[in-house]
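Open the structure in your viewer and keep the selection tool ready. Each stop below says what to pick and what is there.

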Amino acid sequence: METDDCIIVGAGPAGLTAAIYLARYHLSIRLFDCGTSRASWIPTSHNHAGFPDGINGNELLERMREQAAKYGALREPKRVTDLRRDGDCFIVCCDEEEFRARTVLLATGVVNNRPDGIEEQLHDEALSRGLIRYCPVCDGYEVTDKRVAVIGTGDHGTAEAQFIRTYTQDLTLASPGGDHDLSDQCSDALDEAGIARVAGPCGGFAIENGQIAFDTAEGRMAFDSVYPALGSKVRSGLAVACGAKVSEDDCILVDDHLETSVPGLFAAGDVVLGLDQISHAMGQAGVAATTIRNHLAEKAPLRR
């Protein structure tokens, strides 16, 4: 079985940045892309440096794929199903297929939890039109002075609503199901910020008159944009299967050079810290890729 210098799992901004770096280090790499990068959801990113007029998420990914391919990165459109250590190397499984690598970089990201009861087609259309948004750090500027709802409750919903309050005063925190679960501290913070609250359940989602509308305990309401603050699922299962340590919220634990507790296994991007920022994921990938290169050079000289 051929042994690659590095296998990268995940082809979002972190994985593709690592692929570009590693390929330009003249290393043999293989990039697995199951096609579910959250960057593909972005209608237009306006805070990615170098694109003052914004760039579509899929367009950015395609540019990065072309750049990685230009330098010889091999991209496999497959889903990785298992990862294990085998001596000094790793075995990466895609169902019945097995691939071998000296190092592995996990850039598997996270998956946002969507509101219950919203159809996929409607969700995707609303997302493409900016009616549903998931990252106020990325696009809060775009909802400046608009009518906005945050679907959530508790500490997380309160924190997200307070963040978005810096962009608009027309803001409602809607409980996803039943009454809100708020501490006195959260209630006081929402009152002080002038953030309205409405009980759920939220349902009957539809696009109406250019807005996203849904039912609440107080009747049907419509907003210019909705931010689901329902948490996310961290895709750290492969790291756990390989014996790597994760945090209480399932993020992969790494050192300053993005190496996990398993030597030779690295991680970068939102699977390490769910900041939802392209620039952060790319920066981590550059550090991880360079460390991988140096890690391999310590074992055997890299020469042309």
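**Stop 1: H5 and H6**

Select helix H5, residues 154–164, and helix H6, residues 184–193, in this predicted model. Their crossing is left-handed. The two axes come within 10 Å and cross at roughly 20°. An angle under 35 degrees counts as roughly parallel, and H5 and H6 are therefore roughly parallel to each other.

Now show side chains at the contact. From H5, pick Gly-154, Asp-155, Thr-158, Ala-161 and Gln-162. From H6, pick Cys-186, Ala-189 and Leu-190. By class, this contact of H5 with H6 holds four nonpolar, three polar and one charged residue.

**Stop 2: H1 and H2**

Next, select helix H1 (13–24) and helix H2 (57–70). H1 and H2 pack with their axes 9 Å apart, at an angle of about 20°. H1 and H2 are therefore roughly parallel to each other. The crossing of H1 and H2 is left-handed.

Which residues of H1 meet H2? Pro-13, Leu-16, Thr-17, Ala-19, Ile-20 and Ala-23 do. On the H2 side, look for Leu-61, Met-64, Arg-65, Gln-67 and Ala-68. The contact of H1 with H2 has eight nonpolar, two polar and one charged residues.

**Stop 3: H8**

Move to helix H8, residues 278–299.

Color the buried residues of H8. They are Ile-278, Ala-281, Gln-284, Ala-285, Gly-286, Ala-288, Ala-289, Thr-291, Ile-292, His-295 and Leu-296. While you look along the helix, keep a general point in mind. An α-helix has 3.6 residues a turn, so residues three or four places apart point the same way.

What do the buried residues of H8 pack against? Show strand S1 (3–9), strand S6 (97–106) and strand S16 (265–267), together with H1 and H2 from the previous stop.

**Stop 4: backbone exceptions**

Turn to the loops. Most residues other than glycine have a negative phi, and most peptide bonds are trans.

Select Gly-200 and Pro-201. Is the peptide bond between them cis or trans? The bond from Gly-200 to Pro-201 is cis, with omega near 10°. Pro-201 is found in the loop between strand S10 (196–198) and strand S11 (203–208).

Go to His-26, in the loop between H1 and strand S2 (29–32). Phi of His-26 is near 60°, a positive value in a residue other than glycine. His-26 is exposed, with a relative accessible area of 55%.

Then pick Asp-95. This residue lies in the loop between strand S5 (89–94) and S6. S6 is one of the elements that the buried residues of H8 pack against. Phi of Asp-95 is near 55°, again positive in a residue other than glycine. Is Asp-95 buried or exposed? Asp-95 is exposed, with a relative accessible area of 59%.

**Stop 5: Asn-209**

Finish at Asn-209, in the loop between S11 and strand S12 (211–216). Asn-209 has 83% relative accessibility and counts as exposed; the cut-off for exposed is over 50%.

How far apart are Asn-209 and Asp-116 in space? They are 22 Å apart, with a separation of 93 residues in sequence.

Key. Residues are numbered from 1 along each chain as its sequence is written. This is a predicted model: local features need pLDDT of at least 70, side-chain atom pairs count only at pLDDT 80 or more; totals for chains, interfaces and linings use all residues. Side-chain values use heavy atoms; hydrogens and water are left out. Axes are lines fitted to C-alpha atoms, for helices over the stretch in contact, and angles run from 0 to 180 degrees between N-to-C directions. Helices (H or I, at least four residues) and strands (E, at least two) are DSSP runs, numbered from the N terminus. Angles under 35 degrees count as roughly parallel, over 145 as roughly antiparallel, 65 to 115 as roughly perpendicular and the rest as oblique. A crossing is left-handed if the near helix is turned anticlockwise from the far one by less than a right angle, and right-handed if clockwise. Contact means heavy atoms within 4.5 Å. Ala, Val, Leu, Ile, Met, Phe, Trp, Tyr, Cys and Pro count as nonpolar, Asp, Glu, Lys and Arg as charged, and the others, Gly among them, as polar. The expected span of a helix is 1.5 Å times one less than its number of residues. Buried means under 20% relative accessible area, exposed over 50%, partly exposed in between (1.4 Å probe, protein chains only).
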